[in-house]
Amino acid sequence: MARKAVAQELSRERILEEARELFVTRGYRALTMRSIAKAMGYSHGALYYHFREKAELFNALILEDFGILLQRQRQIIVESAVLGVPLLQKLMMEFIRFGLENPHHYEIMFMIRDEELRQYSRTEQAKCFDLFATVVRQVISGMPDKEDQEYRLPWNLFMSMHGFISHSIHYGQTFELVEQLAEEHVQLLCSNMVSTAARSESSKVSLVNHESA
């Protein structure tokens, strides 16, 4: 491919968009700034105008992608008229939607296997998870034994969503194709959470009545 003149505007946004696909399809280790520029049809000098090195480019991708997801999550929380389980279901559906509508984003954010590269996403992953966990803990705030569940339950729900998304991405399934399944999956997870809490409360009441007898 003939290289384009630097005079032709190469925006930061375009670099990120095309580099994201290259990182996913070719792998981080296989790429250099030169090979990224070549794939885009530019000289590597055009990339250096925006990014000094490949690591900086990769980190910028992480920050941008998590920024988009966190903005969506926060918007749902702000705009939600109903808290509790309905809000939790909305957040979970939006997370699944984001992952399946942006599979390359999601793979870089949550599916990188290289331990060295994970360091770029750990802080942003924690922000995303903490926001989700805050909503889960609000839902279970009135439940018995919530201290025992407030750490495990958010993680279990999060990993269940991740499994659904990664499986769908692996088989090339779009959100539109699995939307109904996603809704059923989220409803099942939330109903199981509420049912477990109800059983726990019932067991607690039975035990108190037995001890009082």
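Student: What makes the stretch holding histidine 162 a helix, and which one is it?
Tutor: Histidine 162 sits in helix H10, residues 152-170. Helices here are DSSP runs of H or I with at least four residues, and strands are E runs of at least two, numbered from the N terminus. This is a predicted model, where local features need pLDDT of at least 70, side-chain atom pairs count only at pLDDT 80 or more, and totals for chains, interfaces and linings use all residues. Residues are numbered from 1 along each chain as its sequence is written, and side-chain values use heavy atoms, leaving out hydrogens and water.

Student: Why is histidine 162 called buried?
Tutor: Its relative accessible area is 16%. Buried means under 20%, exposed over 50%, partly exposed in between (1.4 Å probe, protein chains only), so histidine 162 counts as buried.

Student: Which residues does histidine 162 touch?
Tutor: Tyr106, Phe110 and Met111, not counting residues up to four places away in sequence; contact means heavy atoms within 4.5 Å.

Student: And what makes asparagine 102 buried?
Tutor: Asparagine 102 has 16% relative accessibility, so it gets the buried label. It belongs to the loop between helix H5 (85-101) and helix H6 (103-110).

Student: Why are cysteine 128 and cysteine 190 called buried?
Tutor: Cysteine 128 is at 0% relative accessibility, so it counts as buried. Cysteine 190 is at 1%, so it counts as buried too.
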